[in-house]
Amino acid sequence: MLSQETIDIVKSTVPVLEQHGKTITTVFYKNMFAAHPELLNIFNHANQSKGRQQTALANTVYAAAAHIDNLGAIIPAVVQIAHKHRSLGIQKEHYPIVGYHLLGAIKEVLGDAATPEIIAAWGEAYQVIADAFIGIENEMYDEAEETEGGWRTFKEFELVEKVPESEVITSFYFKPVDGKKLPTYKPGQYITVRFQIPGDEYTINRQYSLSQAPENDTLRISVKREDECNPHGKASVYLHNSLNVGDKIEISAPAGDFYLDTESTTPVALVSGGVGITPMMAMYQTIAKTTPERTVAFLHSARTRGHQAFHKELQAMTESLPNAKYEVLYSEEGDGFINREFLAKHVSEGSDIYVCGPTPFMQAVISALVANGVTEDKIHFEFFGPAEELQWELATN
């Protein structure tokens, strides 16, 4: 437990962290990677170059300081981050490295304002927060390993099928090299794929949603191919252009806290934009297999018909389900976007609503849902990459 004096000191730094948090985390990553370049084998280089990882960490540090007297308030965020850490193979021994360089970055950025008392208080607070992460992640590692067919960190898989789903999205089907049965997972969860591009110094880690229901003999991911000229699309271009049937890749056990509540019988709406369709496919297939009578609306937005993946599969599933509807809008073909009126028309009252897609898409959809009177507890959403702050305006009448 932290002393009241430590809590007071940490909370006093909240305004400073709000102002300088991104600068602190940028310095932190720069210094940590300079001292421990081996950690570049774990972190997503694209998120680093975009500044997304720095922003996500700054938000986390700020939230930890603001709630240091009630850390239970940030447990949901801790669990979400812990899933990503477990999927990436973050270990207990990494936390002292992070702590050392985080405190160093605070001192470097704040200068004399970072008094010895402030650094000491943050050192204590960091250890408490790190212990929470370590404990939760260790439980997750144990669960992943003890699940039938499960494993602890990464193991080798072989690509057994590669199927184009649209002009920009391709599905990849993987089987474990050791021939063991796959573990079950929750529809909506993701895996990390780890590989090294020839000529590159460091391995690449990317997290992709599983795009089919569990209880199959393969793991399927469906990846959007980014522009070759876009350095942030390096991983997807390699997968599309260079990974062929028979090639091997390392995969982590399924993880994530965004998944369909399969015990619920309430109506459900699956709302996706672009490649955000991937976790929704796992959810829709699961409903079709396990609760085909459930009321479900699959609502999707794509740029064009050429960008649309799984269209025929979705049509066939919808036709086989008595209480399902499938609606798609093509924004560049004059259909418009998923908006408040569209959602009011197609989302049944009392639905649990799952949203996935680019951040602006989710921002618009969630704002529209709230404006329609949907309560926050009925809205579930998933970010691509590091969790970003999502704001929406509450409806006013």
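How many contacts beyond four places in sequence does the model have for residues 389–397, where pLDDT stays under 50? There are 20 of them, a contact being heavy atoms within 4.5 Å. As for pLDDT, it is the predictor's confidence in each residue, from 0 to 100. Over the protein chain it averages 91, and 93% of the residues score at least 70.

A bit of bookkeeping before we go on. This is a predicted model, with local features needing pLDDT of at least 70 and side-chain atom pairs counting only at pLDDT 80 or more, while totals for chains, interfaces and linings use all residues. Residues are numbered from 1 along each chain as its sequence is written, and side-chain values use heavy atoms, with hydrogens and water left out.

Let's start with helix H5, residues 75–88. Helices (H or I, at least four residues) and strands (E, at least two) are DSSP runs, numbered from the N terminus. H5 has 14 residues and spans 20 Å from first C-alpha to last, close to the expected 20 Å; that expectation is 1.5 Å times one less than the number of residues. Its buried residues include Val78, His83 and Leu88, where buried means under 20% relative accessible area, exposed over 50%, and partly exposed in between (1.4 Å probe, protein chains only). Helix H7 (116–146) and strand S4 (204–209) are among the elements covering them.

Now follow the cover to S4, where 5 of the 6 residues are buried. S4 pairs with S3 in the antiparallel sense over 6 bridges; for two strands to pair, DSSP has to find at least two bridges between them. One of these links joins Val193 to Arg206 in S4.

Asn205 also sits in S4, and it counts as buried because its relative accessibility is 3%. What does the side chain of Asn205 reach at 3.2 Å? The backbone oxygen of Ile42. A polar atom of the Asn205 side chain also lies 2.5 Å from the backbone oxygen of Asn41. Polar contacts are N or O pairs within 3.5 Å; within protein, one atom must be able to donate a hydrogen and the other to accept it, and residues adjacent in sequence count only if both atoms are side-chain atoms. Beyond four places in sequence, the contacts of Asn205 include Leu88, Phe154 and Thr192.

Finally, look at Asp131 in helix H7. At 43% relative accessibility, Asp131 is partly exposed. Lys92 is 39 residues from Asp131 in sequence, with 8.9 Å between their C-alpha atoms.
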